[in-house]
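Hi,

Here is the structure I promised to pass on.

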Amino acid sequence: MGSSQDQLSTPEKAWHPATQNRPAYITQCPILPGKSFVYNFTITGQRGTLLWHAHINWLRVTVHGALVILPKRGMTYPFPKPDDELVVVLGEWWKSDTEAVINEALKSGLAPNVSDAHTINGHPGSIPNCSTQDAYNLPVESGKTYLLRIINAALNEELFFKIAGHKLTVVEVDATYVKPFKIDTIVIAPGQTTNVLLTADQKSGKYLVAASPFMDAPVAVDNLTATATLHYTGTLAAAAIILTTPPPKNATQIANNFINSLKALNSKKCPPVFP
(Lines give C-alpha, C1' and ligand atoms only; values in the text may rest on other atoms or scores of the structure.)
Protein backbone atom coordinates (compact mmCIF):
# COMPACT_ATOMS: atom_id res chain seq x y z
CA MET A 1 0.00 0.00 0.00
CA GLY A 2 1.78 3.12 -1.18
CA SER A 3 -0.82 5.61 -0.03
CA SER A 4 -3.87 5.65 2.18
CA GLN A 5 -6.77 7.83 3.24
CA ASP A 6 -8.33 7.80 6.66
CA GLN A 7 -11.41 9.58 7.98
CA LEU A 8 -12.22 9.68 11.66
CA SER A 9 -13.86 12.04 14.14
CA THR A 10 -10.94 12.53 16.50
CA PRO A 11 -9.20 15.57 17.99
CA GLU A 12 -5.96 14.95 16.09
CA LYS A 13 -3.93 11.92 15.24
CA ALA A 14 -0.33 10.81 15.35
CA TRP A 15 1.19 7.91 13.49
CA HIS A 16 3.79 5.71 15.19
CA PRO A 17 6.38 5.65 13.72
CA ALA A 18 5.10 7.21 10.47
CA THR A 19 5.65 10.95 10.14
CA GLN A 20 2.75 13.04 11.44
CA ASN A 21 2.54 16.47 9.83
CA ARG A 22 -0.50 18.24 11.31
CA PRO A 23 -0.37 18.32 15.13
CA ALA A 24 -3.24 20.01 16.95
CA TYR A 25 -2.64 23.55 18.26
CA ILE A 26 0.50 23.82 16.07
CA THR A 27 -0.52 23.55 12.42
CA GLN A 28 -4.28 23.15 12.79
CA CYS A 29 -7.09 23.43 15.31
CA PRO A 30 -8.32 20.24 17.01
CA ILE A 31 -11.26 18.45 15.45
CA LEU A 32 -14.35 19.38 17.44
CA PRO A 33 -16.80 16.78 18.82
CA GLY A 34 -19.25 15.69 16.15
CA LYS A 35 -17.01 16.96 13.35
CA SER A 36 -14.68 15.09 11.02
CA PHE A 37 -11.48 15.73 9.12
CA VAL A 38 -10.09 13.83 6.15
CA TYR A 39 -6.35 13.10 6.28
CA ASN A 40 -4.77 12.57 2.86
CA PHE A 41 -1.25 11.27 3.26
CA THR A 42 1.28 9.32 1.23
CA ILE A 43 3.55 6.74 2.81
CA THR A 44 6.79 5.99 1.01
CA GLY A 45 9.63 3.69 1.97
CA GLN A 46 7.76 2.11 4.87
CA ARG A 47 5.83 -1.09 5.43
CA GLY A 48 4.63 -2.97 8.47
CA THR A 49 2.41 -2.34 11.47
CA LEU A 50 1.95 1.15 12.91
CA LEU A 51 -0.27 2.71 15.57
CA TRP A 52 -2.43 5.80 15.16
CA HIS A 53 -4.02 7.56 18.11
CA ALA A 54 -5.51 10.85 19.25
CA HIS A 55 -2.86 13.24 20.50
CA ILE A 56 -4.56 15.56 22.97
CA ASN A 57 -4.12 14.71 26.64
CA TRP A 58 -5.48 11.23 27.31
CA LEU A 59 -8.03 10.95 24.51
CA ARG A 60 -5.65 8.42 22.98
CA VAL A 61 -6.82 5.93 25.65
CA THR A 62 -9.64 4.76 23.39
CA VAL A 63 -9.17 6.74 20.15
CA HIS A 64 -6.55 4.54 18.53
CA GLY A 65 -6.09 1.74 16.03
CA ALA A 66 -3.81 -0.12 13.66
CA LEU A 67 -2.31 1.24 10.45
CA VAL A 68 -1.13 -1.71 8.37
CA ILE A 69 1.12 -1.02 5.37
CA LEU A 70 1.43 -4.05 3.12
CA PRO A 71 4.55 -4.75 1.04
CA LYS A 72 4.64 -3.25 -2.45
CA ARG A 73 3.08 -5.21 -5.27
CA GLY A 74 5.38 -8.04 -6.25
CA MET A 75 7.20 -7.94 -2.92
CA THR A 76 6.82 -10.72 -0.38
CA TYR A 77 7.47 -11.01 3.33
CA PRO A 78 11.02 -12.13 4.21
CA PHE A 79 9.51 -15.09 6.06
CA PRO A 80 7.05 -17.86 5.13
CA LYS A 81 3.70 -16.41 4.12
CA PRO A 82 1.19 -16.84 6.97
CA ASP A 83 -2.22 -18.39 6.41
CA ASP A 84 -3.90 -15.37 7.99
CA GLU A 85 -3.13 -12.07 9.73
CA LEU A 86 -4.70 -10.72 12.91
CA VAL A 87 -4.34 -7.39 14.73
CA VAL A 88 -4.02 -7.62 18.52
CA VAL A 89 -4.28 -4.27 20.34
CA LEU A 90 -3.22 -4.17 23.99
CA GLY A 91 -4.68 -1.29 25.97
CA GLU A 92 -5.91 0.07 29.29
CA TRP A 93 -9.32 0.84 30.79
CA TRP A 94 -10.37 3.24 33.54
CA LYS A 95 -13.61 3.34 35.52
CA SER A 96 -13.26 7.13 35.59
CA ASP A 97 -13.31 9.67 32.78
CA THR A 98 -9.67 9.67 31.68
CA GLU A 99 -9.68 13.40 30.99
CA ALA A 100 -10.72 13.94 34.62
CA VAL A 101 -7.92 11.62 35.75
CA ILE A 102 -5.17 13.54 33.97
CA ASN A 103 -6.66 16.97 34.82
CA GLU A 104 -6.71 16.07 38.51
CA ALA A 105 -3.09 14.92 38.32
CA LEU A 106 -2.04 18.18 36.65
CA LYS A 107 -3.80 20.21 39.35
CA SER A 108 -2.33 18.23 42.24
CA GLY A 109 1.15 17.73 40.81
CA LEU A 110 0.91 14.03 41.68
CA ALA A 111 1.15 11.07 39.36
CA PRO A 112 -2.17 10.19 37.69
CA ASN A 113 -4.13 7.20 38.92
CA VAL A 114 -3.21 3.93 37.21
CA SER A 115 -5.76 2.17 35.03
CA ASP A 116 -8.33 -0.25 36.43
CA ALA A 117 -7.66 -2.98 33.86
CA HIS A 118 -5.59 -3.93 30.85
CA THR A 119 -7.34 -5.09 27.70
CA ILE A 120 -6.75 -7.32 24.68
CA ASN A 121 -8.69 -6.02 21.67
CA GLY A 122 -10.89 -4.07 24.08
CA HIS A 123 -11.66 -6.99 26.43
CA PRO A 124 -10.20 -7.29 29.95
CA GLY A 125 -10.84 -11.01 30.39
CA SER A 126 -11.24 -12.53 33.83
CA ILE A 127 -10.47 -9.84 36.42
CA PRO A 128 -11.71 -9.31 39.98
CA ASN A 129 -14.72 -7.07 40.68
CA CYS A 130 -15.74 -6.95 37.03
CA SER A 131 -19.45 -7.28 36.22
CA THR A 132 -18.65 -9.44 33.18
CA GLN A 133 -15.75 -11.79 32.57
CA ASP A 134 -15.49 -10.72 28.96
CA ALA A 135 -12.50 -12.16 27.08
CA TYR A 136 -11.39 -11.84 23.48
CA ASN A 137 -11.40 -15.08 21.52
CA LEU A 138 -8.54 -15.68 19.07
CA PRO A 139 -9.69 -18.45 16.68
CA VAL A 140 -7.09 -20.67 15.01
CA GLU A 141 -7.07 -23.83 12.92
CA SER A 142 -4.67 -26.65 13.71
CA GLY A 143 -1.55 -26.63 11.52
CA LYS A 144 -1.98 -23.07 10.26
CA THR A 145 0.39 -20.15 10.86
CA TYR A 146 -0.83 -16.68 11.78
CA LEU A 147 0.86 -13.29 11.67
CA LEU A 148 -0.14 -11.45 14.84
CA ARG A 149 0.30 -7.69 14.54
CA ILE A 150 0.60 -6.77 18.23
CA ILE A 151 0.23 -3.12 19.27
CA ASN A 152 0.68 -1.60 22.72
CA ALA A 153 -1.85 1.26 22.87
CA ALA A 154 -1.49 1.63 26.65
CA LEU A 155 -0.62 5.11 27.87
CA ASN A 156 2.37 4.50 30.10
CA GLU A 157 3.02 0.82 30.68
CA GLU A 158 5.29 -1.70 29.04
CA LEU A 159 3.50 -5.02 28.72
CA PHE A 160 4.49 -8.66 28.58
CA PHE A 161 2.57 -10.82 26.08
CA LYS A 162 2.51 -14.62 25.96
CA ILE A 163 0.31 -17.53 24.90
CA ALA A 164 0.14 -20.75 26.90
CA GLY A 165 1.97 -23.66 25.26
CA HIS A 166 3.04 -21.73 22.16
CA LYS A 167 6.25 -20.12 20.94
CA LEU A 168 6.14 -16.80 19.11
CA THR A 169 8.50 -16.13 16.19
CA VAL A 170 9.34 -12.41 16.18
CA VAL A 171 9.72 -11.02 12.64
CA GLU A 172 9.16 -7.27 12.89
CA VAL A 173 9.33 -4.45 15.45
CA ASP A 174 8.12 -0.91 14.76
CA ALA A 175 7.75 -1.54 11.02
CA THR A 176 11.32 -2.86 10.71
CA TYR A 177 11.97 -6.50 9.86
CA VAL A 178 14.17 -8.34 12.35
CA LYS A 179 16.08 -11.58 12.16
CA PRO A 180 13.43 -14.12 13.17
CA PHE A 181 13.78 -15.70 16.59
CA LYS A 182 11.50 -17.83 18.74
CA ILE A 183 10.50 -16.83 22.24
CA ASP A 184 7.63 -17.51 24.63
CA THR A 185 7.26 -13.97 26.04
CA ILE A 186 7.64 -10.60 24.33
CA VAL A 187 7.74 -7.17 25.96
CA ILE A 188 6.25 -4.19 24.15
CA ALA A 189 6.42 -0.51 25.09
CA PRO A 190 3.61 2.07 24.74
CA GLY A 191 3.14 3.06 21.11
CA GLN A 192 5.28 0.16 19.92
CA THR A 193 4.32 -2.59 17.50
CA THR A 194 5.65 -6.15 17.24
CA ASN A 195 4.75 -8.71 14.59
CA VAL A 196 5.06 -12.40 15.46
CA LEU A 197 4.31 -15.66 13.70
CA LEU A 198 2.15 -18.07 15.67
CA THR A 199 1.82 -21.66 14.49
CA ALA A 200 -1.16 -23.61 15.81
CA ASP A 201 0.94 -26.71 16.47
CA GLN A 202 -0.45 -27.86 19.83
CA LYS A 203 -3.29 -30.26 20.56
CA SER A 204 -6.76 -28.86 20.04
CA GLY A 205 -8.09 -26.89 22.97
CA LYS A 206 -8.30 -23.44 24.51
CA TYR A 207 -5.09 -21.69 25.60
CA LEU A 208 -4.75 -18.64 27.80
CA VAL A 209 -3.39 -15.44 26.23
CA ALA A 210 -1.98 -12.99 28.80
CA ALA A 211 -0.91 -9.32 28.75
CA SER A 212 0.64 -8.11 32.00
CA PRO A 213 2.74 -5.09 33.09
CA PHE A 214 6.52 -4.86 33.18
CA MET A 215 7.98 -2.39 35.67
CA ASP A 216 11.26 -2.99 37.51
CA ALA A 217 11.33 0.40 39.26
CA PRO A 218 9.36 1.49 42.36
CA VAL A 219 6.62 3.07 40.27
CA ALA A 220 2.90 2.33 40.63
CA VAL A 221 1.35 0.36 37.76
CA ASP A 222 -1.90 -1.40 37.08
CA ASN A 223 -0.91 -4.89 38.20
CA LEU A 224 -3.89 -6.68 36.64
CA THR A 225 -3.38 -9.13 33.79
CA ALA A 226 -5.61 -8.97 30.72
CA THR A 227 -6.57 -12.39 29.38
CA ALA A 228 -7.92 -13.81 26.16
CA THR A 229 -8.23 -17.33 24.76
CA LEU A 230 -6.56 -18.96 21.79
CA HIS A 231 -9.35 -21.22 20.60
CA TYR A 232 -8.66 -24.11 18.22
CA THR A 233 -11.46 -24.77 15.73
CA GLY A 234 -13.69 -27.63 16.90
CA THR A 235 -12.90 -27.22 20.59
CA LEU A 236 -15.96 -27.38 22.81
CA ALA A 237 -16.94 -24.11 24.45
CA ALA A 238 -16.98 -25.82 27.84
CA ALA A 239 -13.44 -27.17 27.47
CA ALA A 240 -11.00 -26.20 30.22
CA ILE A 241 -8.50 -23.46 29.39
CA ILE A 242 -4.83 -24.46 29.39
CA LEU A 243 -3.21 -21.85 31.62
CA THR A 244 0.06 -19.96 31.70
CA THR A 245 1.65 -17.85 34.41
CA PRO A 246 2.48 -14.23 33.47
CA PRO A 247 5.98 -13.05 34.40
CA PRO A 248 6.38 -11.07 37.64
CA LYS A 249 6.05 -7.37 36.91
CA ASN A 250 9.76 -6.85 37.75
CA ALA A 251 10.99 -9.69 35.51
CA THR A 252 13.90 -7.70 34.06
CA GLN A 253 15.70 -10.80 32.80
CA ILE A 254 12.68 -11.88 30.73
CA ALA A 255 12.43 -8.39 29.24
CA ASN A 256 16.16 -8.30 28.51
CA ASN A 257 16.00 -11.75 26.91
CA PHE A 258 13.55 -10.36 24.37
CA ILE A 259 15.31 -7.02 23.83
CA ASN A 260 18.77 -8.57 23.45
CA SER A 261 17.44 -10.95 20.80
CA LEU A 262 16.39 -8.10 18.49
CA LYS A 263 18.61 -7.67 15.46
CA ALA A 264 17.65 -5.90 12.23
CA LEU A 265 17.26 -8.21 9.26
CA ASN A 266 19.40 -5.76 7.25
CA SER A 267 19.38 -7.80 4.06
CA LYS A 268 19.87 -6.36 0.58
CA LYS A 269 16.23 -7.00 -0.18
CA CYS A 270 14.99 -5.71 3.19
CA PRO A 271 17.27 -2.97 4.58
CA PRO A 272 16.31 -1.30 7.88
CA VAL A 273 13.63 1.37 7.56
CA PHE A 274 13.82 4.52 9.65
CA PRO A 275 10.90 6.99 9.76
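A quick word on terms before the sheet: strands (E, at least two residues) and helices (H or I, at least four) are DSSP runs, numbered from the N terminus, and two strands pair if DSSP finds at least two bridges between them. Also, this is a predicted model, so local features need pLDDT of at least 70 and side-chain atom pairs count only at pLDDT 80 or more, while totals for chains, interfaces and linings use all residues. Residues are numbered from 1 along each chain as its sequence is written, and side-chain values use heavy atoms, with hydrogens and water left out.

On confidence: pLDDT is the predictor's own score for each residue, from 0 to 100. The chain averages 87, and 88% of its residues reach 70 or more. Residues 1-13 are below 50, yet that stretch has 54 contacts in the model beyond near neighbours in sequence (contact means heavy atoms within 4.5 Å).

Now the sheet. It is open, has 6 strands in the order S7-S6-S9-S14-S11-S12, and its pairing is mixed. At the edges sit S7 (117-120) and S12 (176-183), each pairing on one side only. From one strand to the next the twist averages 20°, with axes being lines fitted to C-alpha atoms (for helices, over the stretch in contact) and angles running from 0 to 180 degrees between N-to-C directions. Further in, S11 (168-173) and S14 (193-199) run antiparallel and are joined by 4 bridges. Glu-172 stands opposite Asn-195 in S14.

Two residues have a positive phi without being glycine: Asn-121 at about 50° and Ala-175 at about 65°. Asn-121 is in the loop between S7 and S8 (136-140), and Ala-175 is in the loop between S11 and S12. Ala-175 is buried, with a relative accessible area of 3%, whereas Asn-121 counts as partly exposed at 23%. The cut-offs are under 20% for buried, over 50% for exposed and partly exposed in between (1.4 Å probe, protein chains only).

Last, what does Asp-184 contact, leaving aside its neighbours within four places in sequence? The list is Phe-161, Lys-162, Ile-163, His-166, Lys-167 and Leu-168. Asp-184 is in the loop between S12 and S13 (185-188) and, at 35% relative accessibility, counts as partly exposed.

Cheers
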